[in-house]
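Here is a briefing on one protein chain. Look through the structure, then read the points below.

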Amino acid sequence: MNFHWFLPTGGDARQLSSSVHGAGIGGASGPLPVPDGSDRSHADPGPAPAGTRPATLAYLTQLARAADDLGFDGVLTPTGAHCEDAWIVTAALIAATRRLRFLVAFRPGLVSPVLAAQMAATFQRLSEGRLLLNVVTGGSDAEQRGYGDVLDHDQRYDRAEEFLDVVRAAWSGKPFDYLGGYHEIRGGQLREPPVPTPRIYFGGSSDPALDVAAKHADTYLTWGEPVPQVAEKVERVRERAAKLGRELRFGLRIHVLSRDTSEEAWRAADRLIAGLDDATVAAGQQRLRALESEGQRRMLALHGGDRSRLLVAPNLWAGIGLVRGGAGTALVGSHEEVAERIREYQDAGIEEFVLSGYPHLEEAYTFAECVRPLL
């Protein structure tokens, strides 16, 4: 198994609130909800709750160095209007780390595929081979339009397939032409291809997403659904890849919250959402339901915004998904229980785990020192 951590480039915190990373997902075209029920624009978010940590270079450097020292294989750096740009953040962290790899998320269609291939090659050389790529098509039509992208959900996946066709052609180092529905390349060539070629991570739960993953992903990522649902999705992607003569690795994107005892862990989970009133949860759910992402729909369906339904499987808690978009579940329990659940996901075909927890610095130490030795 490989274990990665997460860089909260939208901010970190001790409690979930409108200021925590991920609470801005789906809110690019409107105000974020805040605990008092009022609306504040992105330009005027109001005072941050106690314990909030802005995504400064100093804090992200501290966190990246900790992940490096603790033996995590890499760190995922997200993309979107709710956070800082992943390329710039990770480039700033190359010199501050030694062996840590950077799983850089980016969106095809917002930059030329040949330029993206060149950026990746440059990063790979400067970091001495520590780049991984997480291709994100975007789950919000409104947010994509804010970037000037007018394609709908399925069209974005069609374009992503072409984009990765071009990127892989560029990485070959040979001259090429490409004529597709979204990209036209004449005399393309990347004179210094990356060595080694970066691994491509790709997620998505819709049929178009699974097709693109089967063709281009080196690692398919899924969010933390109950084990049977994850196993079913892994098998669907594996079958599609096999028809193309390919084999993939599979990864899980999930939060972790472990303590010496199960009781301590569940008390910590309760504290994490203690500041969320019903109005804030309702506003967050409304915002997330407006997204076109099939994966987000599946996350929301686990609990429906109901606080009484947050335990969706043994030690699998959906409280984070009350207001946070994207990965909305956490493994909660004693260190031994969390390790047992990870083993169950491994039995379902998961080989890589992209983990996080609030606050990310402290939880990185907790997992590395208390859970990973059990694995």
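This is a predicted model: local features need pLDDT of at least 70, side-chain atom pairs count only at pLDDT 80 or more; totals for chains, interfaces and linings use all residues.

Residues are numbered from 1 along each chain as its sequence is written, and side-chain values use heavy atoms, with hydrogens and water left out. Helices (DSSP runs of H or I, at least four residues) and strands (runs of E, at least two) are numbered from the N terminus.

**Strands**

- Buried means under 20% relative accessible area, exposed means over 50%, and partly exposed lies in between (1.4 Å probe, protein chains only).
- Asn2, His4 and Phe6 point one way from strand 1. Phe3 and Trp5 point the other way.
- Strand 1 pairs with strand 15 (residues 352–356) in the parallel sense, over 3 bridges. Pairing requires that DSSP finds at least two bridges between two strands. Here His4 has Val354 as its bridge partner.
- Strand 1 also runs parallel to strand 4 (residues 74–77), joined by 3 bridges. On this side, His4 partners Gly74, and Phe6 partners Leu76.
- Strand 4 is covered on both faces. Gly74 and Leu76 are buried on one side, and Val75 and Thr77 are buried on the other.
- Strand 4 pairs in turn with strand 5 (residues 101–106), in the parallel sense over 4 bridges. Leu76 stands opposite Leu103 there.

**Helix pairs**

- Two packed helices are described by the angle between their axes and the distance between the axes. Axes are lines fitted to C-alpha atoms, for helices over the stretch in contact, and angles run from 0 to 180 degrees between N-to-C directions.
- Helix 5 (residues 153–171) packs against helix 6 (residues 207–216) at about 10°, with the axes 9 Å apart. The two helices are therefore roughly parallel (angles under 35 degrees; over 145 is roughly antiparallel, 65 to 115 roughly perpendicular, and the rest oblique).
- Which residues of helix 5 meet helix 6? They are Asp154, Tyr157, Glu161, Leu164, Asp165 and Arg168, which meet Pro208, Ala209, Val212, Lys215 and His216. Ala, Val, Leu, Ile, Met, Phe, Trp, Tyr, Cys and Pro count as nonpolar, Asp, Glu, Lys and Arg as charged, and the others, Gly among them, as polar.
- Helix 1 (residues 57–70) and helix 2 (residues 86–93) cross at roughly 65°, and their axes come within 10 Å. Leu57, Leu60, Thr61 and Ala64 in helix 1 meet Val89, Ala92 and Leu93 in helix 2. The residues of this contact are 6 nonpolar, 1 polar and no charged.

**Single residues**

- Ala121 sits in helix 3 (residues 113–126). Ala121 is buried, with a relative accessible area of 0%. Beyond its neighbours within four places in sequence, Ala121 is in contact (heavy atoms within 4.5 Å) with Leu190, Glu192, Pro193 and Pro194.
- A cis peptide bond joins Val195 and Pro196, with omega about -5°. Another cis bond joins Tyr358 and Pro359, with omega about -10°.
- Glu128 has a positive phi near 60° and is exposed, with a relative accessible area of 73%.
- Asn315 has a positive phi of about 65° but is buried, with a relative accessible area of 11%.
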